[in-house]
Amino acid sequence: ERGVKALVIYPMNALATDQARRFAEITASTPAFNGLRVGLFIGGNFGHPGSGMVMSPTSVITDRETLRKTPPDILLTNYKMLDYLLLRPKDRLLWSRNSATTLRYVVVDELHTFDGAQGTDLALLLRRLRARLQVPEGHLICVGTSATLGATTDTAPLREYARQLFAAPFAEGAVIVEDRLSVAEFLGDVTIEHVL
């Protein structure tokens, strides 16, 4: 099935650009991902005309006309650009191959940065996206990532925040927190060899 199947939203272009390189590297080195197309659509000017039209082992598709004509399987963008992608007539082509059930995953990176007005903007934007694509209730798999959670035991406030942002429920086991171990706890009785 053609169309955007996964949407990854970043708070800043720098994060999106860095992650795009990683997506390209993983896609190129994983045989199961052969043929998977990843696109980066953010503000700014990328490369020269005619560049960024195909994926390489170190870069994803960045040419806007290519992305519009043949939308990628995974779209990397930021929340401000997503707003444009839903509004601008020329960018609506990006969604033209999506049926109501094509988009399956919505990932928001650095979820903790979307608070206050920015969080409200994103929440409304995600609702507009669902309405535009006519995504059925409960169809999307919503994911938020954050490296600053720490080891929290009460996840109820975070799950409520995610519910409001994504307009989707998050069960009690939905939050994966980190479990920090000291070096001694992590290594246990493993023999350590130092090679100089």
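**A parallel sheet and the helices packed around it**

In this predicted model, the backbone oxygen of F23 lies 2.7 Å from a polar atom of the side chain of T27, a polar contact (a pair of N or O atoms within 3.5 Å; within protein, one must be able to donate a hydrogen and the other to accept it, and residues adjacent in sequence count only if both atoms are side-chain atoms). T27 belongs to helix 1 (residues 13-29). Helices (H or I, at least four residues) and strands (E, at least two) are DSSP runs, numbered from the N terminus. With a relative accessible area of 10%, T27 is buried, where buried means under 20%, exposed over 50% and partly exposed in between (1.4 Å probe, protein chains only). Leaving aside residues up to four places away in sequence, T27 touches F33, L36, V38 and M55; contact here means heavy atoms within 4.5 Å.

Residues are numbered from 1 along each chain as its sequence is written, and side-chain values use heavy atoms, with hydrogens and water left out. As the model is a predicted one, local features need pLDDT of at least 70 and side-chain atom pairs count only at pLDDT 80 or more, while totals for chains, interfaces and linings use all residues.

Five strands form an open sheet in the order 2-3-1-4-5, with parallel pairing; two strands pair if DSSP finds at least two bridges between them. Strand 2 (38-40) and strand 5 are the edge strands, each pairing on one side only. From one strand to the next, the twist averages 15°. Strand 1 and strand 3 are joined in the parallel sense over five bridges, and V8 has L76 of strand 3 as its bridge partner.

Helix 3 lies across strand 1 and strand 3, running at about 115° to strand 3, whereas helix 4 lies across strand 1, strand 4 and strand 5, at about 160° to strand 1. Axes are lines fitted to C-alpha atoms, for helices over the stretch in contact, and angles run from 0 to 180 degrees between N-to-C directions.

In helix 3 (residues 79-87), the buried residues are Y79, M81, L82, L85 and L86. They sit on the same side of the helix because they cover an arc of only 150° around the axis, the arc being that of the directions from the helix axis to the C-beta atoms. These residues pack against strand 1 (6-10), helix 2 (64-69), strand 3 (74-78) and helix 4. At the start of helix 3, a side-chain oxygen of N78 comes to within 3.1 Å of the backbone nitrogen of K80.

Helix 5 (residues 156-166) buries R159, A162, L165 and F166. Their arc around the axis is only 125°, so they lie on the same side of helix 5. Their cover includes strand 4 (105-108), helix 4 (116-133) and strand 5 (141-144). After helix 5 comes A167, with a positive phi near 55°.

The largest nonpolar core has 33 residues, of which I9, L75, W95, L103, L122 and F166 touch the most other members. Such a core is a set of buried Ala, Val, Leu, Ile, Met, Phe, Trp, Tyr and Cys residues joined through side-chain atoms within 4.5 Å. Helix 4 gives the most to this core, with six residues. A second, separate core of twelve residues includes A24, V38, L40 and L76.
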